[in-house]
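Work through these exercises on charged side-chain pairs. Each task comes with a worked solution.

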Amino acid sequence: MESFQRFAGLAEGEWLELMIRSINEREIDGVPFPGFAAEGVQRQTVGSSFEPALREAFAFYRLACAQMVGAGRPLEPGRKVLDFGVGWGRILRFFARHAGAGDLFGVDVVPSMVEACRNTGCPAAVFGIEPRGALPFTAGTFDLAYAYSVFTHLPEPIALHWIAELARVVKPGGRLIVTVEPHRFVTFCRTIPEDADSPWHAKLRAIVAAHPDIDDELARRGFYYLPSGGGPDLPPEIYGDTVILPDYVERMWAPWFRTVEYLDDPNQFWQAVVTLERI
């Protein structure tokens, strides 16, 4: 993994272009790049594949880098990074150029995703975890932890469990960056046509229609969980679709984190991006 450091001086756009090249070139300038999960697996897990999937991941990576610079902790060898919900490793690979050996880690509750990371050469140590389990790391390990499209799917007890567990492993002053569904997700689901081509969209439309109390509950608490489920590995009691508003983050996650930013800008990200500082 140290060989990726030869790309540390590249401009961000140049680094993205190398990653896009790696779709068809597994070795660039003598450095082996990680491979990709099967196209169907990519689309099932992130809604796109190959170049579009990388470009979306790059936007989040760039934001994370900027947040670490703003925190006075720019990413460099020795900074430990955790991808919570690593999937097939599409985001974590971007951090390889900042990392030394043993700096990058990923975890996932889906065994096939852990296997995909290992089979494709994701440049990190990747571990399986249980939905209500613990992270296999000592306290205060990480300078940066992030969770892309994870808390968008967790019921409240499990979400609070993992916020506390992530707080345990993030250093004081470190950053946790997560994406959440803002209120506009509900509006989107209500505008899905009845004859939607996407089975997932049709399911979202139906389940939102079956929960008419969403707006009132969001106004009251800032959190709402739709038990939509995600297949045999992710039943509705542990996986669905979740809306989390800024006031909930500031109120309920305050024992562990200070909110740095709740970025809700659909021109940048489909989901809202929340940057938190470990207290």
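**Exercise 1. Count the salt bridges in this predicted model.**

Step 1: apply the rule, a side-chain nitrogen of Lys or Arg within 4 Å of a carboxyl oxygen of Asp or Glu. Step 2: read off the total, 19 salt bridges. The model is predicted, so local features need pLDDT of at least 70, side-chain atom pairs count only at pLDDT 80 or more, and totals for chains, interfaces and linings use all residues. Residues are numbered from 1 along each chain as its sequence is written, and side-chain values use heavy atoms, with hydrogens and water left out.

**Exercise 2. Find the partner of Arg21 and classify both residues.**

Step 1: Arg21 pairs with Glu25, with the closest N and O atoms 3.0 Å apart. Step 2: use the cut-offs for relative accessible area: buried under 20%, exposed over 50%, partly exposed in between (1.4 Å probe, protein chains only). Step 3: Arg21 is partly exposed at 37%. Glu25 is partly exposed too, at 32%.

**Exercise 3. Describe the pair Lys80 and Asp103.**

Step 1: their side chains form a salt bridge, 3.2 Å from N to O. Step 2: Lys80 sits in the loop between α3 (50-70) and β3 (81-84), and Asp103 in the loop between β3 and β4 (104-108), so the bridge ties together parts 23 residues apart in sequence. Helices (H or I, at least four residues) and strands (E, at least two) are DSSP runs, numbered from the N terminus. Step 3: Lys80 is partly exposed at 23%, whereas Asp103 is buried at 3%.
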